[in-house]
Amino acid sequence: MSLPEIYLDLMRRLRELSRNETQQQWLARVGIFLLALSVFALFMPVLAHGVAQSETFRWTLTLCGLAALGYALWRFLALPIIRAWRQSKEAEHITLALRVGNAHENLRDRFANALQVYEETSRETGGEIRHALAGAALQNAYEEVQPLDFNTIIDRKTPRQRILGGLAALLLCALVWGFAPNYMVAGLQVVLAPQRDPNQQKLNLTVTPGDVEIVKGQDLRVSATIETLADANANLEWRF
């Protein structure tokens, strides 16, 4: 293979390594975000019941919860995107080449150095000896890394653990919400609306058939449905 073909093949393998590692990193971030979301959905409604009688504490809990969610979004979503956007592609593949070399005792930094020197000399004019030395170094490095699997430097264990932890936390949260939906919804309402007095429970009353006219003496079936998050019984009274 010619030197340009060798260089393009190395760049192709490094770009593939970068994509595979980025996928694993995003899996780890998704796992952490699921864990943070589950903790928020599980503990915030429970804590809300303990501070429900104090408006100051309700607002404090809500603001702390929003700050925690905002930090999680910034730390695990926005910040990685900003870093990836700012990092130059050249610096990225040189760093990856150095990591591949450091993972093998007989290679170390020769791979990254050969790649960097070849790129620098390819942009220069003249200096035939320097070009020849850079080409020879790249050729030797290519022969050493050709049988290697670059993907071995990717940490796959941590993303797997974080995804499993996030899914387990999400399952636990779903079980708790399934067993005590009214309790959890009431607590979540305190968090989402700290300005509202939790003692004033929301009450929906539906009466059917509504406003109708019937012939005197005819039977009419009237039904009423009450929807409330309160545990107390509700009494319905009516007059003719």
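Predicted model: local features only at pLDDT ≥ 70, side-chain atom pairs only at ≥ 80, totals over all residues.
Visitor: At what angle do helix 1 and helix 6 pack, and how far apart are their axes?

Guide: For a helix pair, read the angle and the axis separation together. Here helix 1 and helix 6 (residues 157-179) pack at about 25°, and their axes are 7 Å apart. That makes the two helices roughly parallel, because angles under 35 degrees fall in that class. Helix 1 passes helix 6 in a left-handed crossing.

Visitor: Which residues of helix 1 and helix 6 meet?

Guide: Go along each helix and list its partners. From helix 1 the contact includes Gln24, Leu27, Ala28, Gly31, Leu35, Ser38 and Pro45. Helix 6 brings, among others, Pro159, Arg162, Gly165, Gly166, Leu170, Cys173 and Trp177.

Visitor: How do helix 1 and helix 4 cross?

Guide: Apply the reading used above. The axes of helix 1 (residues 3-51) and helix 4 (residues 110-122) come within 12 Å and cross at roughly 125°. Helix 1 and helix 4 are therefore oblique to each other. Their crossing is left-handed. The residues of this contact divide into nine nonpolar, no polar and one charged. On the helix 1 side they are Leu3, Pro4, Tyr7, Leu10, Met11 and Leu14, which meet Phe111, Leu115, Tyr118 and Glu119 in helix 4.

Visitor: How many helices and strands does the protein chain have?

Guide: For the overall fold, count the elements and then read their order. There are seven helices and two strands in the protein chain, and along the sequence they follow the pattern α-α-α-α-α-α-α-β-β. Of the 240 residues, 30% are buried. Among contacts between residues at least 6 apart in sequence, 68% join residues at least 24 apart.

Visitor: Where does arginine 108 lie, and what is its phi?

Guide: Arginine 108 has a positive phi of about 55°, although it is not a glycine. Its place is the loop between helix 3 (89-102) and helix 4. With 33% relative accessibility, arginine 108 counts as partly exposed.

Visitor: Which residues does aspartate 109 touch, leaving out those up to four places away in sequence?

Guide: Setting aside sequence neighbours brings out the other contacts. Aspartate 109 touches Leu98 and Asn102 on that basis. It is found in the loop between helix 3 and helix 4 and is partly exposed, at 36% relative accessible area. Aspartate 109 and alanine 141 are 32 residues apart in sequence, and their C-alpha atoms are 10.0 Å apart.

Visitor: Are cysteine 64 and cysteine 173 buried or partly exposed?

Guide: Compare each accessibility with the cut-off: buried means under 20%. Cysteine 64, at 49% relative accessibility, counts as partly exposed. Cysteine 173, at 7%, counts as buried.

Visitor: How many disulfides are found in the whole structure?

Guide: For this feature, search the whole structure for pairs of cysteine sulfur atoms. The search finds zero disulfides.

Conventions. Residues numbered from 1 in each chain as written. Heavy atoms only, no water. Disulfide = S-S within 2.5 Å. Buried < 20%, exposed > 50% of the residue type's maximum accessible area, 1.4 Å probe, protein only. Axes fitted to C-alpha atoms, helices over the stretch in contact; angles between N-to-C directions. Helix = DSSP H or I, 4+ residues; strand = E, 2+ residues; numbered from the N terminus. Parallel < 35°, antiparallel > 145°, perpendicular 65-115°, else oblique. Left-handed = near helix turned anticlockwise from the far one by under 90°. Contact = heavy atoms within 4.5 Å. Nonpolar A, V, L, I, M, F, W, Y, C, P; charged D, E, K, R; others polar.
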